[in-house]
Amino acid sequence: MRVLGIETTCDETAAAVVGLAGDGRGVILSNEILSQITEHAAYGGVVPEIAARAHVEVIDRLVARALKAADVTLKDIDAVAAAAGPGLIGGVIVGLTTGKALALVSGKPFIAVNHLEAHALTARMTDGVAFPYLLLLASGGHTQLLAVRGVGDYVRLGTTIDDAIGEAFDKTAKMLGLPYPGGPEVERQALHGDPARFALPRPLAGRPDPDFSLSGLKTAVRIEAERIAPLSARDVADLCASFQAAVVDVVADRVRMGLRAFRQKAGHPTALVVAGGVAANQAIRRGLTRLASEAGLPLVTPPPALCTDNGAMIAWAGLERLRLGLTDDLTAPARARWPL
Ligand code: KG4
Ligand code: ZN
């Protein structure tokens, strides 16, 4: 079984071919990606119109490259999957329409994949994680704690009531004059900063509902930055380190409550899985490693390149759905919003 996957919901154009291994995991036959980061960097964030145009310019080439790298043609593919949302609608339409066209000309089944579901199922492709598991999905647009009980069977335990975690990293970076995307930049700065210099809040700490709130933390960074302005390189590093340390604490506290909620609603998880771009953060990973070992659970973090947006996760989600006979017809709509 082999599925072609297409991803265009944000600022990465990606296409991949994924197959199924004997042990039930995925085999990534190709995973091509073109990032538009440089095109958006000047604006400090993703500009939807620029993103959509950039996807149009490269999508054909990228799909051809993914097929070639996997050493297959459309004939060898069992289905075409494309992310149909949630995301920036112009970009979503580009990938979705391309996927539908390829399915139509090749006569292969089409699968309209929910981008969040693709992040949620990635750990099954990489590590063969069994249902049910607790997933922390933390990206630039989303922060959710989910009980993943099966394909298409998700219980949302908690979410953010304001900013997504990645968004908080991005906004904090922008405030401190660091380039976009802010997450990796803040992490780099934090490496040589003092995490104890600024006493920042840990919003919602100890609250039983596993929701997140990040905007107060971001505001606290702004207030400190304004208080000590102009900022030296050391100040920026210390602010980043203090901010990141607060996020690590917030994430650990919220996920601890998420585990409790999971046990009430979905029984015993097989693992704690972290996905989305923020999962690339090593400090957050370390915090979660501690928490998982306290809870006696394996922590599964797919490799960073599969935690951030990519085509392989869309192909894999398509493959999981194809196996269950869950295909879509070519009228499947592009959806800017599409909660799991
Ligand atoms: O999943 P993703 O590639 O795209 C979506 O938002 O769907 O996630 C990107 C987000 C950005 O907000 C970025 O700043 C954040 O993930 N991110 C990080 C790190 N790498 C990426 N945040 C913290 N630390 C990192 N190392
Ligand atoms: Zn994503």
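The chain splits into two domains, with domain 1 covering 2–121 + 309–323 and domain 2 covering 131–269; these bounds come from an automatic or database domain assignment. The model is a predicted one, in which local features need pLDDT of at least 70 and side-chain atom pairs count only at pLDDT 80 or more, while totals for chains, interfaces and linings use all residues. Residues are numbered from 1 along each chain as its sequence is written.

Taken over C-alpha atoms, the centres of domain 1 and domain 2 sit 28 Å apart. Ten residues from domain 1 and twelve residues from domain 2 make up the contact, where two residues count as touching if their C-beta atoms, placed from the backbone, lie within 7 Å. On the domain 1 side, helix 1 (37–41), helix 4 (115–127) and helix 11 (311–323) each give two or more residues; helices here are DSSP runs (H or I, at least four residues), numbered from the N terminus. That side is made of four nonpolar, four polar and two charged residues, with Ala, Val, Leu, Ile, Met, Phe, Trp, Tyr, Cys and Pro as nonpolar, Asp, Glu, Lys and Arg as charged, and the others, Gly among them, as polar.

Next, a helix pair. The axes of helix 5 (residues 165–175) and helix 6 (residues 182–190) come within 7 Å and cross at roughly 65°; axes are lines fitted to C-alpha atoms over the stretch in contact, and angles run from 0 to 180 degrees between N-to-C directions. Helix 5 and helix 6 are therefore roughly perpendicular (65 to 115 degrees). Helix 5 contributes G166, F169, D170, T172, A173 and K174 to the contact, and helix 6 contributes G182, G183, E185 and V186. By class, this contact has three nonpolar, four polar and three charged residues.

Terms used: Chains are lettered from A and ligands numbered from 1 in the order in which they are written. Angles under 35 degrees count as roughly parallel, over 145 as roughly antiparallel, 65 to 115 as roughly perpendicular and the rest as oblique.
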